Amino acid sequence: MNRFETVFERPAFIAFTVAGDPDLTTSLAVAQTIIHSGADILELGIPFSDPVGDGPVIQRADERALSAGATTDSAFALVREIRKTSEVPVVLLVYCNTVYSRGPARFYKDAKAAGVDGILIVDMPVEEGHLVMQYATESGIAPIFTVTPTTPPERVKKITDLAGGFLYLVSLSGVTGRRETLSEAAVPLIQRVRKETSLPLALGFGIATETHARQAVEAGADGVIVGSAIVEIVERHVGDLAGMERELSDYIARMKAAVVGSVPVDEDQNYV
Amino acid sequence: MSKGRFGDFGGQFVPETLMAAVTALEEGRNSVCPTKEFREELSFYLKEYAGRETPLTFCRNVSADMGCRVYLKREDLLHSGAHKLNNTLGQALLAKHMGKKRLIAETGAGQHGVATAIAGAVLNLPVEVYMGETDCQRQSLNVFRMELMGATVIPVKGGTATLKDAVNEAMREWAASSEDSAYILGSVVGPHPYPEMVRDFQTVIGTEARRQILEHEGRLPDTVIACVGGGSNAIGMFHPFLKDDVKLVGVEAGGRGKAPGEHGASLESGRPGILHGALSYLLQDDDGQVIETYSVAAGLDYPSVGPEHSMLKDTGRVHYESVPDDEVLNAFRYLSRREGIVPALESAHAVAYLLREQDRFEKDDIVIINLSGRGDKDITREVVHEQI
């Protein structure tokens, strides 16, 4: 019934892109490249004018998408296009006002119709979950929530009581964006949340390299989420679709291989 | 339902990465602010350092012109030249009691940044101020003032490079450093506990004004007027009068016109939405994207408004209107000429409302205007405007 069930049978690679970045047509190509190159879950951000939870890379992607005319409707249209050729689970990352503005009932209904499997509302902590939980339940769309190194144990309980699909573990304090090393807070975070829930645990924020990905899986993560590093590739190749697809597919394949534990044959090739 | 609600408005719409920070702030506020020690220390700084209480000035000339009794609450005479210091001294002192080592703030026009720099200097806490790159250019004097007092000003390039983007950046920095840093938010906006906490620090304005008018006139005023951007000077002025039979008027930035992007009147033209942690009236497009604002007064150039104002609008307790830039500039010149008091362009919105509505007032009516700041910062721009 839900597309997440089989995905986490082995460590999953979760790839993020902003719907409509850098424009609607290219964005579909980016999503399809990500899927064809082996991503197990596609996370689609609906761009927002004021993305307080994101770092500069994703903020710039939001700005590019919005200037190119991206809307909530065009994000749903993108999901419908993806669904024509793929059954990969799709998670929307949205800011609360995007949902509130459309009306939560309508947002979840339209998301379901488009083929969305999970929704993470970046600036909606569990305390405000009442706004959408009814519609998440009715639509069967998994309510995805985040847990961070600063989330105290009693809140982890509150969060896991509401959450569905998988838990998004934020590996560090702050916002999205590439970091040099995997945060030291990641391992203890995975260990303590593991005790509280049977939901799959996907680790994100600051993960960009194969080493990060391997470390995350070794620490016990069921999934690894990469956002800014992918968005950087898109940004670097605006206007050069072939180059964008080449670098993306190479990067996704490498990260996927690192996550599932096998070593890609062409590891020494320089991909940056 | 979460905490910090004003009717349906307010709340704590922040990423999980910020929940620990807002929760710690809430706990710190509840345990520190009510103590005798904290209240005495804050009261010392407000009185001996900042110069409270500020006068409630009866304006003979304006009263003669308007045909009613007009008083100005003189927050322009507070150290720093605006009401902002009431809040920054309170929050910075709280930060010190909570053991924080550093203050972070956002600023639009620079007034809140300056007030935070002052509080940081006097309380020995380093200050980092996030300011939109566009604002840094148009308010370079305030950048210099902040730096003179030892603060570091960090230009923000993203988005529209104005106040809302400075708030975004300050919130991001806070998410990364809340363990040792306090985020000093400049208005009654943001996630709980800010709207309540900032209001409580600003309520000193209305509490003094209420007592002063009773001393001067032996009765309460008929009307109290204040400008509203985020709305901290207005809520601080209005709050002690909420239960009284006093007409309260909040004046928003009408800017260059009613079209989207040309004004900052979120209560008049917005619809409820979520920005910077709170549900409140918000200027947004059909898709929920926040739209740009415009006002001659940079301090009112903000697309949302404090959630308590949203409630007071819906209950009808406070009447909100907007005045356009040309009336504001007229009021700016008028008060300067007639009383020798140069109002901040923000505060001139409240004066402009009085000028526009003067025929409504009777001879014995008492009107208080919250003169939230002085206009020295605006003189250069004002001159430029006259030349155009």
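Helices, labelled H or I, are DSSP runs of at least four residues and are numbered from the N terminus. With that in mind, in this predicted model the residue B:Lys84 has its place in helix H4 of chain B, which covers residues 84–97. An unreviewed UniProt entry lists B:Lys84 under "modified residue: N6-(pyridoxal phosphate)lysine", an annotation that may be inferred rather than shown by experiment.

Is B:Lys84 buried or exposed? Because buried means under 20% relative accessible area, B:Lys84 counts as buried at 18% relative accessibility. Leaving aside residues up to four places away in sequence, B:Lys84 touches B:Gln111, B:His112, B:Ala115, B:Gly186, B:Gln202 and B:Ser232.

## The annotated domain of chain B

The unreviewed UniProt entry also carries the annotation "domain: Tryptophan synthase beta chain-like PALP", which covers residues 50–372 of chain B.

## A parallel sheet and its helices

Strands of a sheet pair through backbone hydrogen bonds, either parallel or antiparallel.

## Two helix pairs in chain B

How do the helices of chain B pack against one another? The axes of helix H2 (residues 36–49) and H4 of chain B come within 10 Å and cross at roughly 140°, and H2(B) and H4(B) are therefore oblique to each other. Their crossing is right-handed. On the side of H2(B) the contact is made by B:Glu37, B:Phe38, B:Glu41, B:Leu42, B:Tyr45, B:Leu46 and B:Tyr49, while H4(B) contributes B:Asn86, B:Leu89, B:Gly90, B:Leu93, B:Leu94 and B:His97.

The second pair is formed by H5(B) and helix H7 (residues 140–148) of chain B, which pack at an angle of about 10° with their axes 9 Å apart. Because angles under 35 degrees count as roughly parallel, H5(B) is described as roughly parallel to H7(B). The residues that make this contact are B:Gln111, B:Gly113, B:Val114 and B:Ala117 of H5(B), together with B:Asn142, B:Arg145 and B:Met146 of H7(B).

## Backbone details in the loops

Most residues other than glycine have a negative phi, and most peptide bonds are trans. In chain A, the peptide bond from A:Asp21 to A:Pro22 is cis, with omega near -5°, and A:Pro22 is found in the loop between strand E1 (12–18) and helix H2 (24–36) of that chain. In chain B, the peptide bond from B:Arg52 to B:Glu53 is cis, with omega near 0°, and B:Glu53 is found in the loop between H2 and strand E3 (56–58) of chain B.

The residue A:Phe205 is not a glycine, and its phi has a positive value near 80°; its place is in the loop between strand E7 (201–204) and helix H10 (210–218) of chain A, and it counts as buried at 13% relative accessibility. Another residue other than glycine with a positive phi, near 60°, is B:Asn124, which is found in the loop between H5 and E6 of chain B. B:Asn124 is exposed, with a relative accessible area of 64%.

The place of B:Gly288 is in the loop between strand E12 (278–282) and helix H13 (307–315) of chain B, and B:Gly288 is buried, with a relative accessible area of 0%. Not counting residues up to four places away in sequence, B:Gly288 touches A:Phe48, A:Asn97 and A:Ser101 of chain A, as well as B:Arg271 of chain B. The C-alpha atoms of B:Gly288 and B:Arg145, which are 143 residues apart along the chain, are separated by 37 Å.

Key
Residues numbered from 1 in each chain as written. Chains lettered and ligands numbered in written order. Predicted model: local features only at pLDDT ≥ 70, side-chain atom pairs only at ≥ 80, totals over all residues. Heavy atoms only, no water. Buried < 20%, exposed > 50% of the residue type's maximum accessible area, 1.4 Å probe, protein only. Contact = heavy atoms within 4.5 Å. Axes fitted to C-alpha atoms, helices over the stretch in contact; angles between N-to-C directions. Parallel < 35°, antiparallel > 145°, perpendicular 65-115°, else oblique. Left-handed = near helix turned anticlockwise from the far one by under 90°.
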